[in-house]
Amino acid sequence: MRVIIVENYDSMSRLAAKFVKEELVRKPDLVLGLATGSTPLGLYKELIRMHKEEGLDFSKVTTFNLDEYVGLPKNHPESYHTFMWENLFKHININPSNIYIPDGTVEDIEAHCVWYEEKIAEKGGIDLQILGIGRDGHIGFNEPGSSLASRTRIKTLARETREDNARFFGGDISKVPKYAITMGIGTIIESKKLILLASGANKRDAIKKTVEGPITAMVPASMIQIHPMAIVIVDQEAASLLEREYETWEG
Ligand code: F6R
């Protein structure tokens with residue numbers, strides 16, 4: 001695992017965008033795995049800037065999002081469909097037919113999850129997966145206790161996660177859906193490359209356990225330790241409990 005410590009959220013976002021750009025230039029038909037939440041917003045802003053100012057081309061890119069709430073219509077303001085359109089897709093030249101996000105409104109969720117996995121395989125697998133991390137160590141919505149071999153499926157959200165995400169639902173936890181469809185840890189780990197991003201002191205415990213703790217289903221992100229091409233970009237606050245020496249980036 002390559003751990004890179006940067007100064008703050010902005011440098012984390014710029015370095016992540018630099019890696020995405022390198023991959024995209026190398027492989028214009030990149031299959032990109034995407035996350036939602038606060039963490040990747042700066043990365044998406046930087047990719048939009050690169051598209052507008054440097055001509056970064058997304059026309060051949062395919063994207064797969066990690067997760068979506070169950071029960072929220074696509075046009076709900078807090079659905080991950082809306083999030084991705086507002087914060088990335090509508091600002092770049094991606095082909096809408098190359099965008100895949102789990103659909104939380106389907107009747108047969110199990111069949112939908114099988115279809116999602118098949119689509120990823122049909123596109124040749126995910127080349128580069130972007131990940132955030134929950135305070136409890138979740139990746140996607142794979143909460144502690146998730147099988148380390150899990151595939152795309154429906155999961156119950158941890159209370160901690162619903163509390164954290166209540167900020168997007170007017171602070172009202174009762175409005176936060178209880179279930180989500182998420183790629184499994186097995187699905188995520190099969191990506192050819194992974195970049196996990198974390199910023200801020202409230203992620204420092206999760207980062208400490210992910211990077212320097214044992215691999216355990218109680219810290220789902222710790223599974224990235226077995227990945228041959230995982231990069232963890234953390235700002236100084238998120239890295240503040242790490243004890244070993246790591247690469248730094250001053251850009
Ligand atoms: C969202 C996702 C989640 C978030 C995590 C951190 O697609 O996969 O695992 O990355 O909950 O959320 P933020 O970035 O809001 O702290």
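Analyst: A crossing is right-handed if the near helix is turned clockwise from the far one by less than a right angle, and left-handed if anticlockwise. Helix 1 passes helix 2 in a right-handed crossing. This is a predicted model, in which local features need pLDDT of at least 70 and side-chain atom pairs pLDDT 80 or more, while totals for chains, interfaces and linings use all residues. Residues are numbered from 1 along each chain as its sequence is written, and side-chain values use heavy atoms, with hydrogens and water left out.

User: At what angle do helix 1 and helix 2 pack?

Analyst: Helix 1 (residues 9-26) and helix 2 (residues 41-54) pack at about 55°, and their axes are 8 Å apart. Therefore helix 1 is oblique to helix 2, the word for angles left over once those under 35 degrees (roughly parallel), over 145 (roughly antiparallel) and 65 to 115 (roughly perpendicular) are set aside.

User: Which residues of helix 1 meet helix 2?

Analyst: Among them are Tyr9, Ala16 and Val20 in helix 1, while the helix 2 side includes Leu41, Leu47 and Met50. To meet is to be in contact, with heavy atoms within 4.5 Å. The residues of this contact between helix 1 and helix 2 divide into eight nonpolar, two polar and five charged.

User: What makes helix 2 oblique or parallel to helix 3?

Analyst: The axes of helix 2 and helix 3 (residues 80-87) come within 10 Å and cross at roughly 40°. That angle makes helix 2 oblique to helix 3. Leu41, Tyr44 and Ile48 in helix 2 meet Phe83, Met84 and Asn87 in helix 3.

User: How many aromatic pairs does a search of the whole structure find?

Analyst: The search finds 10. Rings of Phe, Tyr and Trp (its six-membered ring) pair if their centres lie within 6.5 Å; planes under 30 degrees apart are stacked, over 60 edge-to-face and the rest tilted. Phe64 and Tyr116, at 5.6 Å centre to centre with 85° between the planes, are edge-to-face. Phe64 is in strand 3 (residues 62-65) and Tyr116 in helix 4 (residues 109-122), 52 residues apart.

Definitions and conventions: Axes are lines fitted to C-alpha atoms, for helices over the stretch in contact, and angles run from 0 to 180 degrees between N-to-C directions. Helices (H or I, at least four residues) and strands (E, at least two) are DSSP runs, numbered from the N terminus. Ala, Val, Leu, Ile, Met, Phe, Trp, Tyr, Cys and Pro count as nonpolar, Asp, Glu, Lys and Arg as charged, and the others, Gly among them, as polar.
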